[in-house]
Amino acid sequence: MRRREKFVIAAALLGLGLFLVQFISLEYRYWAILLFSFVSYLISAWALAEDLQKFEWITILPFPTLYAGGVSLFYFLLPENIVSRFFILGLFGVGMYALLLTSNIYSVAKGKAIQLLHAAHAVGLFFTLLTSLLFTNTIYSLHLPFYLNGLLVGLVHFPLAYMSLWSVNLEQRVEKREVVLASLLNLFLIELAVIMSFFPISDWNRALFIMAILYLGLGVLHNFLRGVLFSNTLREYSLVAAFVGAVFLLLLPLK
């Protein structure tokens, strides 16, 4: 069976699984989503098995798994509108297919340059930010204590940050440098998530702000790992950070 055919089958099966999860009673819904995420990991492993190396079970496979988990949690929060639910199902299937293609490019491109790698990096960054947004919005919508907000944001964002940093150079093993950088960025996001718990703004605005900081952090670290982190690059990211901060201040309600 050709790879693209396997990707289509995997995306269709996971789309069906996402649809079926919504029929589970509320009492067991979160357990069903956890099981669905695990099944997503196994199906992704089957779809990518041809070029998958041992270390890629922790550098590549968690990516589609987290995406599936983030979408399923967001899908759970949608209103009972059949049109919006089927629309999200369609987007999920297309997104999963694109993510499997991206993961396959990462797996094939180890130690060599291929033309599609730049496109894969762009798609990978997009899905990293999207997954961050969906998870963070869901976490804040649960109205948990501030320390649990920080803990859950950290649990989600460490693998997202690490996989994004690993994809820059596609190392053929787990490198300490990427782990340390991902940990430092994740620690900052945890602290930010805790602080954001006390601001009187909407859950979406909190999630968008954390996603923006993740984008800035990954942008700087990607350039650092490529060896092109020059002063003008830092200046550009600093200007973007200032703009994001100004927008956040404008969102705060006036007393």
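Asn149 lies in helix H7. The model described here is predicted. In this model Asn149 is buried, with a relative accessible area of 4%; the cut-off for buried is under 20%. Beyond its neighbours within four places in sequence, Asn149 contacts Ile139, Tyr140, Leu144, Ala193 and Ser197.

Asn149 also belongs to the contact between H6 and H7. Helix H6 covers residues 117–141, and helix H7 covers residues 146–169. Their axes are 10 Å apart and meet at an angle of about 180 degrees. H6 is therefore roughly antiparallel to H7, because angles over 145 degrees count as such. On the H6 side, the contact is formed by His121, Thr128, Thr131, Ser132, Phe135, Thr136, Ile139 and Tyr140. H7 contributes Asn149, Leu152, Val153, Val156, His157, Leu160, Ser164, Ser167 and Val168. By type, the residues of this contact comprise 8 nonpolar, 9 polar and no charged.

Most residues other than glycine have a negative phi. His143 is not a glycine, yet its phi is positive, at about 55 degrees. This residue sits in the loop between H6 and H7. His143 is exposed, with 65% relative accessibility. Leu170 is not a glycine either, and its phi is also positive, at about 50 degrees. Leu170 is located in the loop between H7 and helix H8, which spans 176–196. At 4% relative accessibility, Leu170 is buried, whereas His143 is exposed.

Conventions
Residues numbered from 1 in each chain as written. Predicted model: local features only at pLDDT ≥ 70, side-chain atom pairs only at ≥ 80, totals over all residues. Heavy atoms only, no water. Axes fitted to C-alpha atoms, helices over the stretch in contact; angles between N-to-C directions. Helix = DSSP H or I, 4+ residues; strand = E, 2+ residues; numbered from the N terminus. Parallel < 35°, antiparallel > 145°, perpendicular 65-115°, else oblique. Contact = heavy atoms within 4.5 Å. Nonpolar A, V, L, I, M, F, W, Y, C, P; charged D, E, K, R; others polar. Buried < 20%, exposed > 50% of the residue type's maximum accessible area, 1.4 Å probe, protein only.
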